[in-house]
Amino acid sequence: MNKFEALKKYFGYDSFREGQESLIDSILNGQDVLGIMPTGAGKSICYQVPALLLPGITLVISPLISLMKDQVRSLNQAGVHAAYINSSLTENQISMALANAAKGQYKIIYVAPERLETYSFLEFALNASISMITVDEAHCISQWGQDFRPSYMNIVKLVSRLSKRPIVSAFTATATTNVKEDIICVLGLAGPNVLVTGFDRKNLYFEVKTPRKKDEELVSYIKEHPGESGIIYCATRKNVESVYELLLSQGLEVTKYHAGLTNEERKINQDAFIFDEKPIVVATNAFGMGIDKSNVRYVVHYNMPQSMENYYQEAGRAGRDGEKADCVLLYSPQDVMINQFLLDNKEVRRDMEEDEIKAVKERDVQRLRDMTYYCRTKECLRSHILRYFGENVYSGCGNCSNCLTEYEEIDVTDMCISIIKAILETRQRFGINVIVGMLRGEKKAKLLSYRLDELQNYGALKEVSESRIKQVINEMLMKGILQATEDKYALLRCSEQVDEVLKGSYRIQMKISEEQEKKKTSQKKRTSDVLTSKGMDLFERLREVRAGLAREEALPPYIISSDKTLIDMCIKLPFTKEEMLNVSGIGENKYQKYGQQFIEAIKEFMGGEKEQLYFEPVEEAPGNDSGSSIYKPEKRNKKKEAFRLTPEIEERIVYLPECTMPELAGQLNELRDERTMKKTSGAAIERMLISRSYLEERYIDGIWRKIILEKGKELGIFPKTRISEKGWEYEALYYSEEAQRKVVEMIREEVLV
Ligand code: ADP
Ligand code: ZN
């Protein structure tokens with residue numbers, strides 16, 4: 001049997017995904033590997049396929065008991081002999097399992113790291129023929145990681161004690177350099193094949209909303225997605241309880257999960273979710289570790305989480321089956337305060353030194369700041385996430401709420417100056433509402449009682465809307481020009497950056513959405529968009545068959561088969577064994593177990609005749625290949641495409657002796673077909689130049705400044721002093737005619753948002 005045969009026979013898949021093949025080849029050649037892939041990318045296949053082909057046993061060290069159980073169940077379903085050894089078993093069960101293992105009954109054994117130093121396990125391991133040791137969640141070995149586990153050190157000891165060193169393969173979804181180096185070094189990987197696949201999860205749609213009423217927003221979102229499985233994450237137990245009550249009162253099938261429930265309750269609720277009895281769970285971040293439910297169609301964060309690491313991990317629980325899924329974050333500025341409170345009260349490990357505690361706290365604060373930045377940015381959310389995790393991306397993805405909103409970039413420096421003056425004039429004693437009221441010249445009692453109407457800046461921004469001033473203040477908070485006190489008053493304070501702003505040497509650009517209240521719908525493709533109504537009926541019928549099988553075997557339905565597999569059945573309508581084996585996700589063993597029952601159900605439903613039960617797929621937009629989809633998502637029809645430089649635009653550009661990038665971008669925007677194409681911006685183009693090392697962004701005196709690098713100077717970029725509308729001097733980057741032409745050439749190939 002070769003790797004392709006193993007993949008087809010046991011897992012029912014026709015081809016490998018990105019990165020899988022390279023890692024498998026290395027392992028089969030006896031080389032150690034480190035696979036760094038995001039959740040849902042398919043790490044398990046990378047060690048399970050070689051485990052089947054290597055002569056001896058593969059030990060998989062995993063910290064998550066529930067995940068082990070799931071994996072072993074899935075493997076057994078696929079016809080692979082596997083077992084797990086952890087504290088959920090009795091001593092008796094463990095001895096039995098080890099006895100069976102010693103007899104060579106299992107090809108793959110999952111084991112918790114704590115087990116590795118027990119006498120009974122060592123006795124088995126030292127006498128067994130172990131071909132490979134796989135370290136799952138390998139970041140747990142790193143002190144730098146978020147969840148360091150001392151027991152992971154046992155792995156190193158075990159490897160050194162075995163008479164013949166097995167191949168060591170390690171896998172994680174954490175990509176930071178420190179962690180990577182730690183894993184290689186601590187595990188002693190020998191000349192490993194280190195493979196990092198992109199962190200992008202193309203099937204996930206990202207959205208941030210700042211709703212006035214979160215509850216209404218949440219309920220309407222869920223009601224727009226009936227029958228779909230979703231997770232609602234909340235910051236605190238109290239939030240979980242109230243959101244749970246809210247959803248119950250709306251008649252939704254929902255369960256809840258947090259650390260305040262008894263073990264028993266948690267188990268019952270978790271199972272209700274996994275078994276699809278209650279498709280929605282409201283939970284704290286205690287929920288989800290080790291849960292492998294593949295058909296989660298949305299993850300909504302009712303509160304902002306504490307870090308991007310947390311966010312991406314939690315949101316990443318959506319769409320593990322590779323089908324479209326939504327990750328929606330409902331942000332409110334209050335979330336920052338809740339999280340600040342949670343961090344302040346976080347328990348610290350008792351063995352930590354004073355300065356270690358300080359370092360950890362600082363890191364937490366920075367992480368929270370980065371998370372907040374994500375919630376407020378107007379840039380592509382996906383690019384933002386990927387950049388955070390160290391990938392160099394600069395163009396928009398076209399599949400996040402920011403890419404789908406049209407923004408206009410405007411200079412708000414003069415408005416910022418008025419805001420700063422108002423704050424200084426009131427001696428930094430007020431919060432956002434009073435400052436906005438004062439700038440708008442409102443006649444509210446509170447303003448008048450403080451006699452703010454007698455001040456110079458009262459009414460300075462009379463003609464600007466309240467929401468616009470608030471947006472600008474938020475932008476200033478985000479850029480660190482202003483700070484809010486961390487108490488409940490959130491008084492606005494100026495940072496040292498205001499000097500630069502007042503002098504006019506720091507210009508503030510801001511993206512403002514053109515259609516504020518535009519309703520965005522996710523790009524998610526629903527099953528009903530793929531299948532005709534008769535197809536949907538068959539899909540429902542097959543779900544019933546699956547539910548019946550699941551009950552008989554006491555397994556979660558998704559372990560029997562994924563939704564994706566059922567949809568593929570509705571498309572391919574298999575009547576024979578051959579045809580059934582052609583369905584994605586059906587291997588030999590699955591066929592033996594359930595194939596006939598599905599075939600019969602399909603034949604009966606179709607009355608023995610075949611007819612097409614799906615809509616013809618529409619060509620996919622370029623650069624948006626979801627790879628794993630069995631059907632192509634429909635192009636967003638009414639939505640505008642991201643900016644692209646077409647030959648028609650290029651022909652008509654007028655090159656000036658010199659200009660700034662916002663000016664050039666303005667020209668490009670004028671020339672584009674505004675009905676079909678969104679605007680680009682000077683900032684987007686300069687981001688590209690940064691990624692290509694013409695420019696660099698450096699943090700100097702509390703401000704991100706663009707520096708012209710050697711390559712940029714050669715290109716023809718130079719600094720020049722300008723005068724603002726209000727007469728302030730500031731420095732801007734200028735492009736020579738030659739440089740403008742070169743830049744246009746560069747963006748020919750780019751999608752710019
Ligand atoms: P990870 O451990 O990286 O989070 P998993 O190993 O759980 O991801 O895989 C996620 C999903 O992708 C699973 O449902 C798995 O069966 C599926 N999968 C993995 N490899 C392939 C492949 N080559 N073709 C199709 N589906 C795959
Ligand atoms: Zn995007």
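Is D563 buried or exposed? D563 is buried, at a relative accessible area of 11%. Buried here is under 20% relative accessible area, exposed is over 50%, and partly exposed lies in between, with a 1.4 Å probe and protein chains only.

Ground rules, quickly. This is a predicted model: local features need pLDDT of at least 70, side-chain atom pairs count only at pLDDT 80 or more, and totals for chains, interfaces and linings use all residues. Residues are numbered from 1 along each chain as its sequence is written, chains are lettered from A and ligands numbered from 1 in the order written, and side-chain values use heavy atoms, leaving out hydrogens and water.

Now the salt bridges. Side chains of opposite charge can pair when their charged atoms come close. The criterion is a side-chain nitrogen of Lys or Arg within 4 Å of a carboxyl oxygen of Asp or Glu. Searching the whole structure gives 35 of them.

Start with D32 and R165. Their closest N and O atoms are 2.8 Å apart. D32 sits in the loop between α2 (20-28) and β1 (33-36), and R165 in the loop between α7 (153-161) and β6 (167-172), so this pair ties together parts 133 residues apart in sequence. Helices (H or I, at least four residues) and strands (E, at least two) are DSSP runs, numbered from the N terminus. D32 is buried, at 2% relative accessible area. R165 is partly exposed, at 38%.

Back to D563. Its salt-bridge partner is R543, with the closest N and O atoms 4.0 Å apart. D563 is in helix α24 (residues 563-572) and R543 in helix α22 (residues 533-553), 20 residues apart. R543 is partly exposed, at 27% relative accessibility.

Next, K610 and E579. Their side chains form a salt bridge, 3.1 Å from N to O. K610 lies in the loop between α26 (588-606) and β18 (643-644), E579 in helix α25 (residues 577-581), and 31 residues separate them. Both are partly exposed: K610 at 42%, E579 at 30%.

What about shared partners? Through them, salt bridges join E540, R543, R546 and D563 into one network.

Last item, a sheet. It is open, with three strands in the order β19-β23-β22 and antiparallel pairing. Strands pair if DSSP finds at least two bridges between them. β19 (658-659) and β22 (717-723) are the edge strands, each pairing on one side only. β19 pairs with β23 (residues 729-736) in the antiparallel sense, over two bridges. For E658, the bridge partner in β23 is S736.
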